[in-house]
Amino acid sequence: MREIITYRLSATGVWGYEFYHPNRTLIGSVSSVLAPSAAVRIEGGPIRWYSRFDIDTRIIPGIGRQIKDNRTGDEVYRIIFWQQGLYQVRTADDRSVQVEIRKDAYLFGKPMMPVTAMTERITEADWIPANHMEVKPYFRTTVYEEISEEYLMMVLSFPALRMC
C-alpha cells in the first residue's frame with residue numbers, strides 16, 4: 001500500500017495538479033489553461049498524454065473523453081460517463097476499470113472486486129511544494145495493489161478529466 005498527495009496549482013488563466021510520493025519526489029502533473037476547448041496535459045516519467053473536451057458538450061450516458069499519446073496521437077484510454085458518480089475507463093485494448101465517486105472519494109477497480117486505488121479530498125498536508133503558483137493540498141490517493149505507471153497516472157489525473 002502507498003499514499004500519494006496531489007496538490008492543486010492555480011494562477012491567473014491556468015490550473016493544474018502535481019502528484020508527489022511521500023518522500024516528496026514529483027510523480028507527474030496535469031495542467032491546462034482556462035479556455036473552452038484547451039487541451040489538458042498529463043505528464044510524468046515517460047508519459048506524455050493530452051485530452052481535449054469541448055465544455056459545451058452535452059453530458060449524457062455513454063459520452064466519452066479520449067486521452068491520447070502526445071507523440072503518436074493514438075488513444076491511450078477513454079473515460080465514459082454512465083451516470084452521476086459512475087464512470088468507466090476503457091483502454092485501447094478493451095480492458096476496463098470502473099470509477100465510482102462517493103462523498104468526495106474516487107474508487108477505482110472492477111465491479112464486485114476489491115478497490116485497487118482510492119482518491120479522497122483533503123485540505124491539509126505535512127509539506128507544501130515550492131511553486132510560483134498558489135498551491136493547496138487537494139487529494140490523497142491510496143494505492144492498494146501493484147499497478148503500472150500508466151494505471152497510476154490514469155488514477156491520479158482522473159479528477160481533472162472527469163466530465164461532471
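1. In this predicted model, Glu 43 is partly exposed, its relative accessible area being 28%, and the residue forms a salt bridge with Arg 41 in which the closest N and O atoms lie 3.8 Å apart. Arg 41 is likewise listed as partly exposed, with a relative accessible area of 44%.

2. Another joins the side chains of Glu 100 and Arg 102, with an N to O distance of 2.8 Å; Glu 100 is partly exposed at 25%, and Arg 102 is partly exposed at 47% relative accessibility.

3. A further salt bridge, at 3.6 Å from N to O, is made by the side chains of Arg 140 and Glu 3. This pair links distant parts of the chain, since Arg 140 belongs to strand S12 and Glu 3 to strand S1 (residues 2–11), 137 residues apart.

4. Strand S12 (residues 134–143) is joined to S11 by 5 bridges, the two running antiparallel, and Arg 121 has Phe 139 in S12 as its bridge partner. On S11 (residues 117–121) there is also antiparallel pairing with S10 (residues 105–109), over 4 bridges, where Leu 107 is partnered by Met 118.

5. The largest nonpolar core contains 35 residues, and Phe 19, Tyr 77, Val 89 and Phe 108 are among those with the most contacts inside it. Helix H1 (residues 149–161) supplies the largest share of this core, 9 residues. A second, separate core of 6 residues includes Ile 5, Tyr 20, Ile 122 and Val 135.

6. Beyond its neighbours within four places in sequence, Phe 108 is in contact with several residues, including Val 97, Val 115, Tyr 151, Met 154 and Phe 158.

Technical notes:
Residues are numbered from 1 along each chain as its sequence is written. This is a predicted model: local features need pLDDT of at least 70, side-chain atom pairs count only at pLDDT 80 or more; totals for chains, interfaces and linings use all residues. Side-chain values use heavy atoms; hydrogens and water are left out. A nonpolar core is a set of buried Ala, Val, Leu, Ile, Met, Phe, Trp, Tyr and Cys residues joined through side-chain atoms within 4.5 Å. Buried means under 20% relative accessible area, exposed over 50%, partly exposed in between (1.4 Å probe, protein chains only). Contact means heavy atoms within 4.5 Å. Two strands pair if DSSP finds at least two bridges between them. A salt bridge is a side-chain nitrogen of Lys or Arg within 4 Å of a carboxyl oxygen of Asp or Glu.
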